[in-house]
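Welcome! Please take a moment to look over the chain below, and then we can walk through it together.

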Amino acid sequence: MVIEKLMSTPSPGINRGNRISEEGLQRLEKQLNSNRRPSQQVLQQWVKRYGEAAQKLIDKYQ
């Protein structure tokens with residue numbers, strides 16, 4: 001019974017394997033293309049997480 005409850009309880013967040021993917025870079029591009037501009041700190045986090053691919057997108061939209 002306890003195991004079933006633990007198995008059915010959702011855990012917060014997205015696992016790292018799914019977060020660092022093409023889908024994540026698409027989310028970044030969508031943000032950059034919108035009227036909502038992420039702060040410099042947020043952009044630094046994107047670069048830290050996605051590396052050169054994120055930096056190229058940021059450069060493209062600045």
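## Charged pairs, a helix and a core

E52 is exposed, at a relative accessible area of 57%; the word "exposed" stands for over 50%, "buried" for under 20% and "partly exposed" for what lies in between (1.4 Å probe, protein chains only). Before going on, please note that this is a predicted model, in which local features need pLDDT of at least 70 and side-chain atom pairs count only at pLDDT 80 or more, while totals for chains, interfaces and linings use all residues. Residues are numbered from 1 along each chain as its sequence is written, and side-chain values use heavy atoms, with hydrogens and water left out.

E52 has a partner: its side chain meets that of K56 in a salt bridge, a term for a side-chain nitrogen of Lys or Arg within 4 Å of a carboxyl oxygen of Asp or Glu. The two residues are four apart in helix α5, so about one helical turn separates them. K56 also counts as exposed, at 54% relative accessibility. Helices here are DSSP runs (H or I, at least four residues), numbered from the N terminus.

How many salt bridges does the count come to by this rule? The count is two, and here they are:

| Salt bridge | N to O distance |
|---|---|
| E52 and K56 | 3.4 Å |
| K60 and E29 | 3.3 Å |

K60 is exposed, with a relative accessible area of 57%, whereas E29 is partly exposed, at 26%.

Now let us turn to α3 itself. Which residues of α3 are buried? They are G24, L25, L28 and L32. These four lie on the same side of α3 because they cover an arc of only 100 degrees around the axis, judged by the directions from the helix axis to the C-beta atoms. On the other side, E22, E23, K30 and N33 are exposed.

L25, L28 and L32 also belong to the largest nonpolar core, together with L43, W46, Y50, A54, L57 and I58, nine residues in all. Such a core is a set of buried Ala, Val, Leu, Ile, Met, Phe, Trp, Tyr and Cys residues joined through side-chain atoms within 4.5 Å. Helices α3, α4 (40-50) and α5 (52-61) each supply at least two of its residues.
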